[in-house]
Amino acid sequence: MSNKNGVEWSIRVGDGSSMVLEPEHKNGVMRLWDRLKGLVVGFVMRVCMFIKKAWALGVDDPRKFFHCLKVGVALMVVSLFYYMRPLYDGVGGNAMWAVMTVVVVFEYTVGGTLYKCLNRICATFLAGFLALGIHWIASHASHQFEPYIMGISLFILASATTFSRFIPTVKARFDYGCTIFILTYSLVSVSGYRVDHLLSMTHTRVSTIIIGTCLCIITSMLVFPVWAGLELHLLVPRNMNKLAKSLECCVADYFGRGDEESKKTLQGYKCVLNSKSSEESMANFARWEPAHGRFNFRHPWKNYLKIGASSRSCAYCIETLTSCLDSKNQVPESIKKHLELACMNLGSTSSNVIRELATSVTTMTRSVKINAAVNDMKNAVLELQDDLKSLSDLLIQPHDHKENNEQVSSEMPVMPLLEVMPLVSFASLLIESASRIEENMVKAVEELAESAQFKQPEDEVKLKHNQATNKIVSDEENVIALQRV
């Protein structure tokens with residue numbers, strides 16, 4: 001029931017009569033309290049969710065937690081130059097430069113830390129010496145021309161250094177150093193115009209920067225080190241395994257053999273497509289790292305980028321294959337069954353080749369099975385091509401033609417191209433992906449195995465050892481036989 005003021009709610013009592021429910025009017029204070037309580041509860045819930053996600057992140061990769069501890073320890077140690085009077089008297093107020101250095105150069109990986117530390121040290125030295133030299137030249141000129149000399153030199157060096165950052169090689173390896181060079185030169189040259197003891201100031205600043213960088217290098221390399229080269233070495237084969245699983249799941253899903261788990265695994269190829277920047281940064285940082293583990297100082301990190309590029313090339317094919325899943329129900333089942341076995345076989349053999357290559361990269365051992373796996377993939381491609389050629393026989397359908405009230409039975413070739421094209425496109429993309437695996441990925445892994453000098457497989461080593469032993473035994477028997485004669 002309702003009245004002029006709005007809607008009224010009523011309930012029916014046990015004796016059959018109805019009772020109108022009157023709304024409880026809350027005053028402004030109660031409404032404000034409810035809103036405030038809702039805001040507090042929502043804020044607490046968001047904080048709890050954030051802590052839960054942070055905890056899950058730390059459990060998933062404890063090295064990130066250790067990295068936070070390393071940064072804290074480095075800052076605590078370097079801050080002693082400010083807190084302890086003997087150390088503070090040695091460097092003075094410039095101790096803050098050591099703290100700033102630790103903050104800006106400490107990276108997650110050893111290679112990233114070395115990259116920034118070495119760039120900062122070299123750029124600081126070079127900029128400091130240049131600034132001192134130009135300041136000496138300007139100071140020996142007349143006082144009238146001194147600001148012009150300092151300003152022109154600042155303009156020329158800053159412009160030239162900024163332009164050098166556009167050069168790909170310089171940007172990849174020395175981009176941070178160029179920034180520090182401009183910053184240091186500007187600070188020293190500008191402040192040196194009003195400072196009397198410029199050499200002393202430069203010496204203390206360079207000393208504190210060296211202290212900060214050395215502390216970062218020691219902490220990063222000795223306390224739970226995270227090597228960029230090892231991360232790259234594990235990332236590339238991990239992406240290859242994701243690629244193999246995505247290819248298998250895509251083919252299985254197209255022919256109705258997939259499940260919910262396979263649909264989730266199918267999206268693994270997207271990680272391969274999005275890994276280019278991380279691979280390039282890891283390869284750049286790995287060049288700065290010393291020899292560690294199985295990796296020498298001149299390890300061919302560029303070959304990992306080639307493998308990553310070939311993996312992304314195959315991932316683009318898989319991405320196009322997934323677009324064919326939307327039209328899989330348009331293909332007649334009879335035609336689909338004709339190519340199902342060949343497509344499933346090609347998808348399986350292609351995935352086996354990728355897995356075998358990933359295992360070879362992970363173990364840094366030449367694979368014995370790779371040649372057989374590639375031959376199986378080639379045979380599967382030939383089989384699928386033969387089935388595609390014989391597909392036209394299935395597309396010839398009997399057609400009844402009526403003319404002048406007479407029924408004449410004849411066979412006319414009817415090609416339902418709109419129904420067949422999705423399946424043919426899917427099969428062609430499978431063949432293209434196999435071609436890219438053979439021409440790009442296999443060759444890239446072979447180049448890496450040759451450059452990094454992968455170990456020979458144990459079976460091949462044993463075979464060579466047995467052949468050498470048999471040869472020695474046969475030679476000894478021939479010598480004995482000749483002696484008897």
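Biologist: The crossing of α2 and α9: is it left-handed or right-handed?
Modeller: The crossing of α2 and α9 is right-handed. Keep in mind that this is a predicted model.

Biologist: What angle do the axes of α2 and α9 cross at?
Modeller: Roughly 145°. The two axes come within 10 Å.

Biologist: Which residues make the contact?
Modeller: From α2, they are K70, A74, V77 and V78. From α9, they are L215, T219 and S220.

Biologist: How many of those are nonpolar, polar or charged?
Modeller: The contact of α2 with α9 has 4 nonpolar residues, 2 polar and 1 charged.

Biologist: Switching to aromatics. How many aromatic pairs are there in the whole structure?
Modeller: A search turns up 12. One of them is F66 with F224, and that pair is stacked. The centres are 4.4 Å apart, with 5° between the planes.

Biologist: Where do F66 and F224 lie?
Modeller: F66 is in helix α2, residues 62–78. F224 is in the loop between α9 (198–222) and α10 (228–254). The pair therefore ties together parts that are 158 residues apart in sequence.

Biologist: And how exposed is F66?
Modeller: F66 has 27% relative accessibility, so it counts as partly exposed. F224 is exposed, at a relative accessible area of 52%.

Biologist: What about the backbone of F224, what is its phi?
Modeller: Phi of F224 is near 45°. That is a positive value in a residue other than glycine. M364 is another such case, with phi near 55°.

Biologist: Where is M364 found?
Modeller: In the loop between α15 (333–363) and α16 (370–389).

Biologist: Is M364 buried or exposed?
Modeller: M364 is buried, because its relative accessible area of 8% falls under the 20% cut-off.

Biologist: Back to rings. Which residues do ring pairs link into a cluster?
Modeller: Y115, F174, F285 and W288.

Biologist: Which ring does the charged end of K116 sit over?
Modeller: The ring of Y176, at 5.2 Å from its centre. K336 has its charged end over the ring of Y254, 5.5 Å from the centre.

Biologist: New topic. Where is T161?
Modeller: T161 is in helix α7, residues 146–164. At 11% relative accessibility, T161 counts as buried.

Biologist: What is T161 in contact with, leaving aside neighbours within four places in sequence?
Modeller: With C178, F181 and I182. As for G177, 16 residues from T161 along the chain, the C-alpha atoms of the two are separated by 9.8 Å.

Biologist: And S313, which helix is that in?
Modeller: S313 lies in α14, residues 301–323. It counts as buried, with 18% relative accessibility. Leaving aside neighbours within four places in sequence, S313 is in contact with R436 and N440.

Biologist: Last bit, the whole chain. How many helices and strands are in the protein?
Modeller: There are 19 helices and 6 strands.

Biologist: What share of the residues counts as buried?
Modeller: 37% of the 485 residues.

Biologist: And of contacts between residues at least 6 apart in sequence, what share joins residues at least 24 apart?
Modeller: For those contacts, it is 76%.

Note on methods
Residues numbered from 1 in each chain as written. Predicted model: local features only at pLDDT ≥ 70, side-chain atom pairs only at ≥ 80, totals over all residues. Heavy atoms only, no water. Phe/Tyr/Trp six-rings, centres within 6.5 Å; stacked < 30°, edge-to-face > 60°. Helix = DSSP H or I, 4+ residues; strand = E, 2+ residues; numbered from the N terminus. Buried < 20%, exposed > 50% of the residue type's maximum accessible area, 1.4 Å probe, protein only. Lys NZ or Arg CZ within 6 Å of the ring centre and 35° of its normal. Axes fitted to C-alpha atoms, helices over the stretch in contact; angles between N-to-C directions. Left-handed = near helix turned anticlockwise from the far one by under 90°. Contact = heavy atoms within 4.5 Å. Nonpolar A, V, L, I, M, F, W, Y, C, P; charged D, E, K, R; others polar.
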